[in-house]
Amino acid sequence: MSLLKVLLTAVEPSGDAIGASLMESIRARKPETVFVGCGGAEMTRAGLESLFDIAPLSVIGLGDVLRAAPAAFERADRIAEAVVREKPDVAVLIDGWAFARLVAMRLKKTSPETMLLKFAAPQVWASRPGRVKFVKSHFDAVLCLLPFEPPYFSAEGVRAEFVGNPNFQAAWRARGDGAAFRARHRLGDTPLLAVMLGSRSTEVRRLSKPFGEAVALLADRIRGLRVVSAVAPSVERLARAKLAAFAGDPIIVGSEEKNDAMAAANVGLTASGTASTELAINRTPMVVGYRLDPLTALWAKAVLKTPYVSIINVAGGRFVIPELLQGECN
């Protein structure tokens, strides 16, 4: 029996984590599977030798996307060349819609025989429903993270399956022990605020100022307030530098203590993204804050079909979590 060869692409931290989980699941069934493609630290630890550094492609916002465009085009070409060279049995493009689109267009021309899957459906329920047509013309199937997504695609004749979100599943399995975290760090019943600045450098830069100012206000009002922040490896140096100026004598932790820290916190102040769901899984109430560059904010306002940015609010159909965005994120 020939070995299974799978090409994977992930260019963002959340996609990298999803990719690593997928690799582990495939290996549990076919241990000799060969993986090629691109990914970050999580997929590298799972055994992928990435074709290139994905950090320049982990961006959000029109301005940042435009600046990253030359690197994205060059790296999409390299993925297409790898597919021609390696002849994988299947190619799975994970998250990162803009980059996945570039790769899919190239593979349609250079390797139309390659089975192509999109893992993490474009959020057509939130904006740009026309993306369903692109999925139909370029992908053999789409693997959906959310249970309400498949009908948006199957109605147009696209094979779509709900498979769950590996990042949410991992967070559920790794629910934290808040008491143990407080004991390790000798916190007792100290008021503890979890601050999550995001996993992209642009998020850390945009949010550190308003989040830092909010923490300073709280520190003046709440005696003995401490801050804990779980920082992503992709932005660790930058996040540490920004957090050093925060009030509340921040405790900075990595992924190994992230869930314990979240469970220990009385409340969270977080960027929109996976962290809000992780805080919820650890039963920590929170406020979501987020800022985009002005051009992207105008574009988002024009295309969004939902008033919510947090998945918990989308699923609940109401503001379960307060969201303070753009000018209100202060």
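Me: Why is T9 called buried in this structure?
Reply: In this predicted model, T9 has a relative accessibility of 2%, and since the word buried applies under 20%, T9 counts as buried. The residue lies in strand 1, which covers residues 5-9.

Me: What makes C38, I79, V92, L93, I94 and F99 count as residues that T9 touches?
Reply: A contact requires heavy atoms within 4.5 Å, and T9 touches C38, I79, V92, L93, I94 and F99, where residues up to four places away in sequence are left out of the list.

Me: Why are strand 2 and strand 6 said to stand at the edges of their sheet?
Reply: The open sheet has 6 strands in the order 2-1-3-4-5-6, with parallel pairing. Strand 2 (34-38) and strand 6 (160-162) each have a single partner strand, so one side of each is left without a neighbour in the sheet. Neighbouring strands of this sheet are turned against each other by 20° on average, direction ignored.

Me: How do you know that strand 5 and strand 6 pair?
Reply: Pairing asks for at least two bridges between two strands, and strand 5 (residues 141-144) has 3 bridges to strand 6, in the parallel sense. C144, for instance, has F162 in strand 6 as its bridge partner.

Me: What makes strand 9 and strand 12 edge strands?
Reply: Another open sheet of 6 strands runs in the order 9-8-7-10-11-12, again with parallel pairing; strand 9 (251-253) and strand 12 (323-325) each pair on one side only.

Definitions and conventions. Residues numbered from 1 in each chain as written. Predicted model: local features only at pLDDT ≥ 70, side-chain atom pairs only at ≥ 80, totals over all residues. Heavy atoms only, no water. Helix = DSSP H or I, 4+ residues; strand = E, 2+ residues; numbered from the N terminus. Buried < 20%, exposed > 50% of the residue type's maximum accessible area, 1.4 Å probe, protein only. Axes fitted to C-alpha atoms, helices over the stretch in contact; angles between N-to-C directions.
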